[in-house]
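Hello,

Here is the structure I promised to pass on. My notes on it follow below.

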Amino acid sequence: MAAVVSIENLSKTYDGGVKALDSVDLEIEQGEIFALLGPNGAGKTTLISAVCGIVVPTGGTVTVAGHDIIREYKKTRGAIGLVPQEISTDMFETVMATVRFSRGLFGKPKNDAYLEELLKDLSLWDKKDAQIRELSGGMKRRVMIAKALSHEPDILFLDEPTAGVDVELRRGMWRLVRRLNDKGTTIILTTHYIEEAEEMADRVGVIQGGRIVIVDRTDAIMRQLGKRQLSLTLAEKLDAVPAALCGWDLELADEGHQLVYTFDANDEDTGIPRLLRAMDEAGIGFTDLDTSKSSLEEIFVDLVHRENGTQAQGEGA
Amino acid sequence: MNVHGVWALYKYEMARAARTVWQSLVTPVITTVLYFVVFGSAIGSRMEDIGTVDYGAFIVPGLIMLSLLTQSISNASFGIYFPKFSGTVYEILSAPMSPIETVIGYVGAAATKSIILGLIILATATFFVDLRIEHPFVMVLFLVLTAVTFSLFGFIIGIWADGFEQLSFIPMLIVTPLTFLGGAFYSIRMLPEPWESISLANPVVYLVSGFRWSFYGEGDVPVVWSLGITALFLAVCLGAVIWIFRTGYRLKE
Ligand SMILES: Nc1ncnc2c1ncn2[C@@H]1O[C@H](COP(=O)(O)OP(=O)(O)O)[C@@H](O)[C@H]1O
Ligand SMILES: [Mg+2]
């Protein structure tokens with residue numbers, strides 16, 4: 001598949017000295033739904049803002065459909081629709097006026113037939129003459145999406161489309177995103193809900209501290225969840241994993257002084273008691289043992305905590 | 001050239017003014033009428049003519065300039081400050097709009113509004129005094145140049161401002177005093193030295209003088225100076241705006 005957005009070595013240090021993006025490399029494929037998953041402050045909004053021209057990168061290059069976002073910004077920006085994290089639009093304008101404005105701003109000639117279809121698709125048509133301040137929160141969000149789609153972009157960025165939104169609205173948003181994707185729009189969404197990334201995305205990129213930690217197909221990422229490691233400090237150095245222990249996923253570390261066993265914490269049988277017995281039988285002694293979560297797992301645990309926190313808040317509100 | 005984009009911004013800004021038509025048109029017109037009543041009729045009837053011009057008619061160009069300057073600045077500064085304040089600027093920054101196109105949209109709309117206002121005040125004035133306009137083309141030229149220049153100036157203030165106080169700070173503390181001291185209500189030739197010479201350092205003197213020349217064929221300074229100073233200020237403002245967009249100053253992180 002062809003890369004439609006190609007990010008190389010992208011860095012951003014804000015004036016205050018915060019390094020929000022640290023040499024990010026990322027390729028978005030044509031027609032996919034890509035989820036950028038990461039905790040608050042990871043740099044998701046900064047990454048999107050840099051691609052869309054709202055934040056000036058301090059280093060690196062980005063191309064959109066082969067065009068450089070700085071030198072050929074008119075071409076790249078015309079191909080992108082952006083739904084920002086916050087609902088921000090002139091609240092006194094009517095729905096129709098604001099989508100007409102957005103379409104014009106992005107250089108497209110008037111086409112009310114298209115806008116009618118768009119508003120109908122977003123269940124906003126009967127509100128077309130209402131001022132935006134009169135609409136419910138969910139409708140306001142859909143107005144932001146309508147504005148972003150008003151100029152028929154090939155690529156849609158959605159910055160935390162479901163943050164603080166109740167479960168019902170979230171499901172509706174997912175259906176909508178899938179429908180847009182079916183029509184051929186490439187979608188890049190940011191989220192701090194694992195569930196959302198798992199449900200929606202073809203591929204997931206995990207970002208933390210301004211760095212892309214891992215990018216992979218969603219199922220591959222999800223398989224890595226729950227992976228733990230047991231490290232055994234050996235009494236005597238080994239040169240290779242003994243044949244007697246070939247039934248376990250083992251690796252040597254620390255120049256043969258450590259034996260590392262990777263297992264799935266979600267399995268009913270982790271295999272640890274049997275491994276220890278087998279080692280005993282093979283006469284391999286150990287002086288210390290330690291279990292740890294993989295670094296990815298750490299991030300996800302962090303995410304899950306946040307998710308539970310915000311969900312509780314959302315439902316209370 | 002993103003013509004649709006410029007037009008969308010221009011129309012949006014004009015529509016915003018239409019929503020607040022009271023604030024944008026009626027208030028300045030009422031204020032001007034009050035000036036006419038006080039300075040033109042009440043005090044003006046006891047004043048001598050200045051040059052060949054009756055005092056009530058003499059103050060008309062200055063009054064129009066006063067409104068033109070303050071309204072151009074406030075229209076344009078609010079126009080760009082508000083999106084920054086409310087966060088809607090994200091859309092303009094992410095749009096395929098070049099800096100020049102964005103400026104044409106905002107400044108064009110702000111200037112249009114203040115020119116309309118200037119013409120309305122001019123029409124209002126005809127109810128109070130006998131006006132003659134000796135050089136209508138020069139009059140229109142000054143009207144447009146001043147509106148564009150001070151809309152650009154307002155645009156810069158709007159980008160620079162961090163808060164609403166700063167938006168009214170420059171118009172209140174600098175522009176209004178300069179206009180009052182710039183010969184809107186008197187000829188600077190009436191001032192004793194050194195005040196007459198000091199007044200020549202006030203750029204508004206040249207605007208008011210040139211504009212008055214287009215009405216009555218007389219000004220405090222030669223009309224070419226007036227045109228020159230206006231053009232110079234226009235160039236300075238344009239340069240500043242280009243620099244702002246080059247560097248992203250106060251618009252982008
Ligand atoms: N305008 C800004 N000025 C300074 N620092 C910022 C600004 N915006 C974001 N940051 C910082 O950059 C980091 C990444 O922020 P952001 O991209 O908003 O993360 P996310 O969207 O993943 O929550 C955070 O540490 C944040 O505090
Ligand atoms: Mg964010």
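A:Thr45 is partly exposed, with a relative accessible area of 32%. Here buried means under 20% relative accessible area, exposed means over 50%, and partly exposed is in between (1.4 Å probe, protein chains only). A:Gln85 is partly exposed too, at 28%. Both residues are protein donors of the magnesium ion (ligand 2), A:Thr45 through OG1 and A:Gln85 through OE1, at 2.0 to 2.3 Å from it. Donors are N, O and S atoms within 2.8 Å of the metal (3.2 Å for Na, K and Ca); water is not among the atoms, so sites may look incomplete. Helices (H or I, at least four residues) and strands (E, at least two) are DSSP runs, numbered from the N terminus.

A word on conventions. This is a predicted model: local features need pLDDT of at least 70, side-chain atom pairs count only at pLDDT 80 or more, and totals for chains, interfaces and linings use all residues. Residues are numbered from 1 along each chain as its sequence is written, chains are lettered from A and ligands numbered from 1 in the order in which they are written, and side-chain values use heavy atoms, with hydrogens and water left out.

Next, the interface. 24 residues of chain B are in contact (heavy atoms within 4.5 Å) with 28 residues of chain A. About 2,300 Å² is buried between the chains, and carbon and sulfur atoms give 60% of that. Buried area is the accessible area (1.4 Å probe) that two parts lose on being put together, summed over both. Three salt bridges join chain B and chain A. A salt bridge is a side-chain nitrogen of Lys or Arg within 4 Å of a carboxyl oxygen of Asp or Glu. A:Lys74 forms one with B:Glu101, with the closest N and O atoms 2.5 Å apart. On the side of chain B that touches chain A, the elements giving two or more residues are α1 (3-19), α4 (89-93) and α5 (99-125) of chain B. α1(B) gives the most, with six residues.

Which helix of chain A is mostly covered? It is α3(A), where nine of its 11 residues are buried. Among them are A:Met96, A:Phe101, A:Arg103 and A:Leu105. Their cover includes α4 (112-121) and α5 (137-149) of chain A, together with α1 and α4 of chain B. Just after α3(A), A:Gly107 takes a positive phi of about 85 degrees.

Last, salt bridges. B:Lys113 and B:Glu13 meet in one, at 3.9 Å from N to O. B:Lys113 lies in helix α5 of chain B and B:Glu13 in helix α1 of chain B, so the pair ties together parts that are 100 residues apart in sequence. B:Lys113 is buried at 9% relative accessibility, and B:Glu13 is buried at 2%. In chain A, A:Glu195 pairs with A:Arg171, with the closest N and O atoms 3.8 Å apart. A:Glu195 is in helix α7 (residues 194-200) and A:Arg171 in helix α6 (residues 167-182), so this pair links parts 24 residues apart in sequence. A:Glu195 is partly exposed at 32%, and A:Arg171 is partly exposed at 39%.

Best wishes
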